[in-house]
Amino acid sequence: MKKYELEIDGSEKLVDITPMVKEYIEEKRLKKGLVHITVPGKSSAVMIFINDELRLEREFFEKMNHLIPKYDGMRFTGWTTASVKSSMFSVNETLMVENGTLILDSVQSVYFVEFQGPGKRSFFINSMGNELMENEVAQVPEMLEEQFQIYQDKKEEEARIIEEMRREWRESHPELN
């Protein structure tokens, strides 16, 4: 088991801990097995969420504070509000590892979520499974490669459609070109 510490610099924070999880897998040379993340604390959680949104943190907390507000008008709703929010998620996540690779979609990341910062927070990672041989290198499993390719194909198709729509619009509005 390994302990990680984070310095939370705001009252609410999303911290992408995926690099730390991948580093742990590399350190342990985990080939196939499970990685378990635990967040001890009353106001923190761990979750898997999208990673391709520039406004992710702001929008996430706006939505959470809409569902469970920190304030009712000018009145603070109480110290348990952060605990209620963290309990809506989980203090544990278990992820699969195959061929030394963390099984996540290309648009997913593992996030540490803090609802009542600032301050020092910690989480633990543990694993079980078998190790890579001494000269063996981690590889992306074929199933995950297929998933990545499907996502990439969708993005390319989306880009092609957008470009086609722009071209059609330019052709239908020559006076603006």
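Q: Is Glu62 buried, partly exposed or exposed?
A: Buried means under 20% relative accessible area, exposed means over 50%, and partly exposed is in between (1.4 Å probe, protein chains only). Glu62 counts as partly exposed because its relative accessibility is 45%. Arg58, at 46%, also counts as partly exposed. This is a predicted model, where local features need pLDDT of at least 70, side-chain atom pairs count only at pLDDT 80 or more, and totals for chains, interfaces and linings use all residues. Residues are numbered from 1 along each chain as its sequence is written, and side-chain values use heavy atoms, with hydrogens and water left out.

Q: With which residue does Arg58 form a salt bridge?
A: A salt bridge is a side-chain nitrogen of Lys or Arg within 4 Å of a carboxyl oxygen of Asp or Glu. The partner of Arg58 is Glu62, and their closest N and O atoms are 3.1 Å apart. Both residues lie in helix H2 (residues 56–67), 4 residues apart, which is about one turn of the helix. Helices (H or I, at least four residues) and strands (E, at least two) are DSSP runs, numbered from the N terminus.

Q: How many salt bridges does the structure hold?
A: The count is 14. One of them pairs Glu12 with Lys85, with 3.7 Å between the closest N and O atoms. Glu12 lies in the loop between strand S1 (2–8) and strand S2 (13–16), and Lys85 lies in helix H3 (residues 80–88), so this pair ties together parts that are 73 residues apart in sequence. Glu12 is buried, with a relative accessible area of 15%, and Lys85 is buried at 1%.

Q: Which residue pairs with Glu163 in a salt bridge?
A: Arg170 does, and the closest N and O atoms are 3.2 Å apart. Arg170 is partly exposed at 36% relative accessibility, and Glu163 is partly exposed at 40%. Salt bridges can also share partners: in this way Lys2, Glu23 and Glu27 are joined into one network.

Q: What does Thr18 contact, leaving aside its neighbours within four places in sequence?
A: Contact means heavy atoms within 4.5 Å. By that rule, Thr18 is in contact with Leu102, Leu104, Ser109 and Val110. The side chain of Thr18 reaches the backbone nitrogen of Val110 at 2.7 Å. Thr18 itself lies in helix H1 (residues 18–28) and counts as buried, at 5% relative accessibility.

Technical notes:
Polar contact = N/O pair within 3.5 Å; in protein donor to acceptor, adjacent residues only side chain to side chain.
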